[in-house]
Amino acid sequence: MSVPYSESDSDLESLDDYSDYETYSEDCLSIGDDVVLNKILRISRVSDSFVRRCVTKLREDYGQCISEIEEEPGLFFRKGRKDLEASLYCDMETICQFIVDYESQEDVQYHRQFHVTDPRSFEDEDPLLPSFQVLSLVEMDSENKSKKLSRRSIYRRQLVSFLMLGTAKEQPHPFYGRSVDDAMLDAKAVAYASRILYSRPFLLYVIGVILDKTSFSVTVFDRAGMLSSERRAFSANLDVFVRVIRRLSRDMSLVDLGHNPNMYLSPGHTYRQTAYPSFVVETGGVSSECQRFLTEGKPIFISMSLMGRGASVWNICYGEQPAMLVVAWRMESTTGNSGSGGLLSSFQPSQPGRGTCMVAGDFLWPDHDLPQDIESVRKCKLKDKNNLVLHYLVITPAGKMLWDANSDVELVSGLLAAIQGYIAMPNKDTISLGILPDTIYLWDEHRNGTPAPPGMEGYIVGPDTESSSEPVDSLVTTQMQSTMECNITSLMRGSPFEAPFLPYNILRAALNSKIIVRTEHHDMESFLLVFFYALTRRALIQHPKNERVREIFHDVFLCTDLSKLRWERKALWVGAFAPVQRCLSEELAALACFLAGVMSAQNEVVDDELRPLLNFKGSKFSSPPESVPIKCELVEDIFMQVKDVLVSS
């Protein structure tokens, strides 16, 4: 949805507020100068004679801009960060656009512009993720190739790459002996790469140029982390910079820039059109039959973090039947069609509260039968990392997300049906089931054409015992550090949880490098965390200017720092959820308070003197139990009570 901005709006959020948006360890960042510049960007394709002429002209006409960038450390203290950033971005936009336009022919195949963007630049600004000033590379269609970009004239799905500037107090790649404060530039770059992947979910990677002080590097962001070139002095290597910018803006196709070749715009659709474009999705391969799907409208779910599963869920038709297409990454070591490391696998059809997987498999490259994986995307082997494979599933019936419920009754009834579907699953202790926001759906009456059958108001999708792979104990065995998302994702890929939905005891075990076996009461806690996520996201969509709700959403549900996440979780149980509760109905606010008490009691983290704060005074429901595991029957019973209250009110 578009967020209305006015001229009286305050300045951009402090960039410091998002410095820990996503955190990474040194082994999430790989240095591969030859891979990035020569295999992915192939900068040698820009002719030497063109580069010499362009560099000479650039120094003649824009020497002052280059000098200001080189003098940046001194300017920082004279101008301050915001004025300095505005000045430097203006200079860099001038330099980059000159490189784009220099000796360009009218009949060039690709039309792109560099433009300094902030949240007020976009027609489709989304309140869910942070935004800040950056130099974006915008894809233009042939009809608008010369149109001057202005405020509210860009859709985020037009972004294909970016250039980010640091100031004197920000250093790229801070894991080589620099202080924690120096991590800000990497964190901002990761955040913006995540935004582009969120806006263009069919990207395999995003290329970003990071320029700090007087040096720059080129970084490829994908679901396994970051692959970067060496840092080079800006002025002394202006020829390399010209090659990079020219390749990004004029020479590289969308596939070269990271767009999946199996997924392309439907005929007649563009990224710039007002309505969200439709895509043709092909499963690929040459020897096997290629399946083809046509997406309808915006995806109903997109993963918001850079690393991890990178899931997106799309409305499609499977034959004549309305369905959903799930696209996500799985571990190479897991079976492609089942037990897919947190992805969805098939259920037996016609089970109340449980969805059906019609077909599943791995995406193959269109010109051969090899799977689309991170190693083939990067064109190099991963060192000490799990390779990831892109996977797809077709799910029925058609569904919508919990936060898209039209009423409290629909939300509670849908989650209750999904919980009951989970309870009916046999051998829950021996399967690896990921309770995540994109594994629970509400019945979509509009697309299915009928009201929800009894027991199908909502449903869960995941593996059952007949279709899943060999039983696996979900063990937390990975050595972890609080700011290492690579190890967090090793945990998430070994068991299917993403960090914000990990049960508290698993968070604690991970931080202490201990082993813990997942049981059904952990799944129940993840159910409740997904419910809290849905309540928070729903409140933020309805109240996009509520900064307290936004902080909770970012701190609790986008955090990848396990240590911070653990403390945020504890705070959630002793009153920190209150800003969201104030956006809810009386019944849902009371339910959220009760469930916070249930989770805190299970994990025994609330002191006795704080426990009365979690009890209801005059509530329609009973007080939470004392220090007992969350039982399926308890959660089912409380949701049934709330449903009865909502229906009768």
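The paragraphs below go from the whole chain to individual elements.

The structure is a predicted model, in which local features need pLDDT of at least 70 and side-chain atom pairs count only at pLDDT 80 or more, while totals for chains, interfaces and linings use all residues. Residues are numbered from 1 along each chain as its sequence is written, and side-chain values use heavy atoms, with hydrogens and water left out.

The protein chain contains 17 helices and 19 strands; helices (H or I, at least four residues) and strands (E, at least two) are DSSP runs, numbered from the N terminus. Of its 649 residues, 61% count as buried, where buried means under 20% relative accessible area, with a 1.4 Å probe and protein chains only. Contact means heavy atoms within 4.5 Å. Among contacts between residues at least 6 apart in sequence, 73% join residues at least 24 apart.

Two strands pair if DSSP finds at least two bridges between them; E17 and strand E18 (residues 440-443) are joined by 2 bridges and run antiparallel. Within this sheet, glycine 399 stands opposite tryptophan 443 in E18.

Axes are lines fitted to C-alpha atoms, for helices over the stretch in contact, and angles run from 0 to 180 degrees between N-to-C directions. H8 also packs with helix H12 (residues 520-542), at an angle of about 160 degrees and with the axes 12 Å apart. H8 is therefore roughly antiparallel to H12, a term for angles over 145 degrees. Asp408, Leu411, Leu415, Ala418, Ile419 and Tyr422 of H8 meet Glu520, Asp523, Met524, Phe527, Phe531, Leu535 and Arg538 of H12. By class, these residues are 9 nonpolar, no polar and 4 charged. Here Ala, Val, Leu, Ile, Met, Phe, Trp, Tyr, Cys and Pro count as nonpolar, Asp, Glu, Lys and Arg as charged, and the others, Gly among them, as polar.

Another helix pair is formed by H16 (residues 586-603) and H17 (residues 632-648), which pack at about 170 degrees with their axes 11 Å apart. These two helices are therefore also roughly antiparallel to each other. Glu587, Leu591, Phe594, Leu595 and Val598 of H16 touch Leu634, Ile638, Phe639, Val642, Val645 and Leu646 of H17. This contact has 10 nonpolar, no polar and 1 charged residues.

Helix H11 (residues 504-511) has 6 of its 8 residues buried, so it is largely enclosed by the rest of the structure. Just after H11, serine 513 takes a positive phi of about 55 degrees. In helix H1 (residues 33-40), Val35, Val36, Leu37 and Ile40 are buried. The buried residues of H1 pack against several elements, including strand E5 (206-212), strand E6 (215-222) and helix H6 (238-251). Arginine 42, which follows H1, has a positive phi near 50 degrees.

Arginine 447 lies in helix H9 (residues 445-448) and counts as buried at 16% relative accessibility. Leaving aside residues up to four places away in sequence, arginine 447 touches Glu296, Asn315, Ile316, Cys317, Pro322, Ala323 and Ala398.

Technical notes. Parallel < 35°, antiparallel > 145°, perpendicular 65-115°, else oblique. Buried < 20%, exposed > 50% of the residue type's maximum accessible area, 1.4 Å probe, protein only.
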